[in-house]
Amino acid sequence: MSSVPPKTLQIAEDIRSMRTRGAGRIACAAVQGLMIAAEESRASTTEHLLQDVAQAARVLYNTRPSAVSLPNGLRYFFTRLEAKAKATDDTAAVRRQAQDIGQSFITMSTNAVKAIGQIGSRFIDDGDVIFTYCNSAAAAEILITAHQMGRQFSVYVPETRPKYQGYITLTWLDKAGIASYLITDNAIRYLMGHADKVFVGADAIAANGAVLNKIGTSMVALAADEARLDFFVAAESYKFSPLTMLGELIQIEEREASEIVPADRLTSWKHVTVRNPAFDLTPPEYIDAIITEQGQIPPQAAISILYEQYGWFTSELALPWESHIPPSS
Ligand code: RUB
């Protein structure tokens with residue numbers, strides 16, 4: 001029987017169904033799911049407590065495959081909890097420490113977005129016309145911070161089919177008082193010639209500096225390259241993928257057909273298959289800088305960010321919770 005608490009299962013379901021979305025928000029929600037698992041665990045030994053948290057980590061990990069922030073958030077929490085559990089037999093103390101570990105991740109994530117806003121806003125000048133894409137808290141923070149500093153600029157926001165995350169970005173920018181244009185995705189190349197620079201977010205960054213973000217980002221990058229614009233990526237450093245140091249590829253999530261076409265239309269066709277990839281990879285050649293909370297780096301420096309965080313990563317550490325789950329589960 002699953003020991004994963006209903007509230008954690010609900011967080012997992014919200015991530016799977018995209019009620020909770022955006023790489024940073026997914027990571028923080030997943031860490032909250034682990035905090036709940038630790039708090040609600042009835043285990044009387046620290047190893048059983050780790051087992052309960054590990055079961056929750058597995059469920060949360062399997063919700064969405066592309067946003068590396070998710071396994072990185074789970075890894076941050078689990079490795080620290082494991083170290084505490086090894087140091088004591090006091091289950092109640094480890095349970096309390098779980099809350100501190102989770103809170104420190106959430107605070108680190110919130111502060112990283114604020115720092116990205118400060119650093120990235122320096123790249124915005126008066127009179128700029130900016131492109132963004134999808135809905136990224138980190139990219140939006142740059143725009144909102146620049147606006148609060150008094151910079152005058154406007155922003156093109158494509159709808160971002162099929163889930164229309166552009167509308168969330170527009171609502172945020174509107175609330176902040178930033179002038180923006182709603183455009184269809186088809187208008188990106190045509191209107192890119194009217195813009196000066198691009199800011200997007202990231203779900204994952206590979207060791208070679210390639211950026212995984214909402215499907216269509218690589219087309220935005222191509223259009224920006226053709227129009228000779230600067231292309232900036234805003235990403236907290238926990239979105240860099242350690243497994244890519246071992247040559248592993250980041251999985252591209254493919255979602256249900258129903259996000260694109262109603263089921264009755266689909267069943268009326270006999271020879272049509274819907275493909276709905278949710279992300280694509282923008283190669284480093286199209287990226288001028290990645291703006292992290294530590295400063296802006298050229299994409300080719302992604303490997304040094306990874307080395308600082310993980311050393312020369314080895315595969316045994318990939319999913320640290322798995323070794324705590326009994327084989328029968
Ligand atoms: C969201 C998306 C965002 C990144 C970065 O995709 O591609 O650009 O997650 O967002 P989805 P943030 O809607 O499929 O989750 O900067 O908020 O982490």
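This is a predicted model: local features need pLDDT of at least 70, side-chain atom pairs count only at pLDDT 80 or more; totals for chains, interfaces and linings use all residues.
Colleague: Why are helix 4 and helix 5 called roughly antiparallel?

Modeller: Helix 4 (residues 69-87) and helix 5 (residues 91-121) pack at an angle of about 150 degrees, with axes 10 Å apart. Angles over 145 degrees count as roughly antiparallel, and the pair is therefore described in that way. The crossing of helix 4 and helix 5 is right-handed.

Colleague: Which residues make the contact of helix 4 with helix 5?

Modeller: Helix 4 contributes Gly73, Tyr76, Phe77, Arg80, Leu81, Lys84 and Ala85. From helix 5 come Val94, Gln97, Ala98, Ile101, Gly102, Ser104, Phe105 and Met108. By class, this contact holds nine nonpolar, four polar and two charged residues.

Colleague: Which residues of helix 5 and helix 6 meet?

Modeller: On helix 5 they are Val113, Lys114, Ile116, Gly117, Gln118, Gly120 and Ser121, and on helix 6 they are Ala137, Ala138, Glu141, Ile142, Thr145 and Ala146. Sorted by class, six residues of the contact are nonpolar, five are polar and two are charged.

Colleague: How do you know that Glu40 and Lys7 form a salt bridge?

Modeller: Their closest N and O atoms are 3.4 Å apart, and the cut-off is 4 Å. The pair links distant parts of the chain, with Glu40 in helix 2 (residues 23-40) and Lys7 in helix 1 (residues 6-16), 33 residues apart.

Colleague: Why is Glu40 called partly exposed, and why is Lys7 called exposed?

Modeller: Glu40 has a relative accessibility of 32%, a value between the limits of 20% for buried and 50% for exposed. Glu40 therefore counts as partly exposed. Lys7 has a relative accessible area of 52%, and exposed means over 50%. Lys7 is therefore classed as exposed.

Colleague: What makes the pair of Arg64 and Glu253 a salt bridge, and what parts of the chain does the pair link?

Modeller: The closest N and O atoms of Arg64 and Glu253 are 2.9 Å apart, which lies within the 4 Å limit. Arg64 is in the loop between helix 3 (46-61) and helix 4, while Glu253 is in the loop between strand 7 (230-234) and helix 10 (263-268). The two residues are 189 residues apart. Arg64 and Glu253 are both buried. Salt bridges that share partners join Arg64, Lys163, Glu253, Arg255 and Glu259 into one network.

Colleague: How do you know that Glu236 and Lys239 meet in a salt bridge?

Modeller: The N to O distance between the side chains of Glu236 and Lys239 is 2.5 Å, again within the 4 Å limit. Both Glu236 and Lys239 are buried. The structure holds 13 salt bridges.

Colleague: Why is Met18 called buried, whereas Arg228 is called exposed?

Modeller: Met18 has a relative accessibility of 8%, and buried means under 20%; Met18 therefore counts as buried. Arg228 has a relative accessible area of 76%, and exposed means over 50%; Arg228 is therefore exposed. Met18 is found in the loop between helix 1 and helix 2, and Arg228 in the loop between helix 9 (217-226) and strand 7. Although not a glycine, Met18 has a positive phi of about 70 degrees. Arg228, likewise not a glycine, has a positive phi of about 60 degrees.

Colleague: What makes the peptide bond from Arg161 to Pro162 cis?

Modeller: Its omega is near 0 degrees. Pro162 is placed in the loop between strand 2 (153-158) and helix 7 (166-176).

Colleague: How do you know whether Leu49 is buried or exposed?

Modeller: Leu49, in helix 3, has a relative accessible area of 1%. Buried means under 20%, and Leu49 is therefore buried. Leaving aside neighbours within four places in sequence, Leu49 is in contact with Ala38, Ser41, Ala43, Thr91, Val94 and Arg95.

How values were computed
Residues are numbered from 1 along each chain as its sequence is written. Side-chain values use heavy atoms; hydrogens and water are left out. Axes are lines fitted to C-alpha atoms, for helices over the stretch in contact, and angles run from 0 to 180 degrees between N-to-C directions. Helices (H or I, at least four residues) and strands (E, at least two) are DSSP runs, numbered from the N terminus. Angles under 35 degrees count as roughly parallel, over 145 as roughly antiparallel, 65 to 115 as roughly perpendicular and the rest as oblique. A crossing is left-handed if the near helix is turned anticlockwise from the far one by less than a right angle, and right-handed if clockwise. Contact means heavy atoms within 4.5 Å. Ala, Val, Leu, Ile, Met, Phe, Trp, Tyr, Cys and Pro count as nonpolar, Asp, Glu, Lys and Arg as charged, and the others, Gly among them, as polar. Buried means under 20% relative accessible area, exposed over 50%, partly exposed in between (1.4 Å probe, protein chains only).
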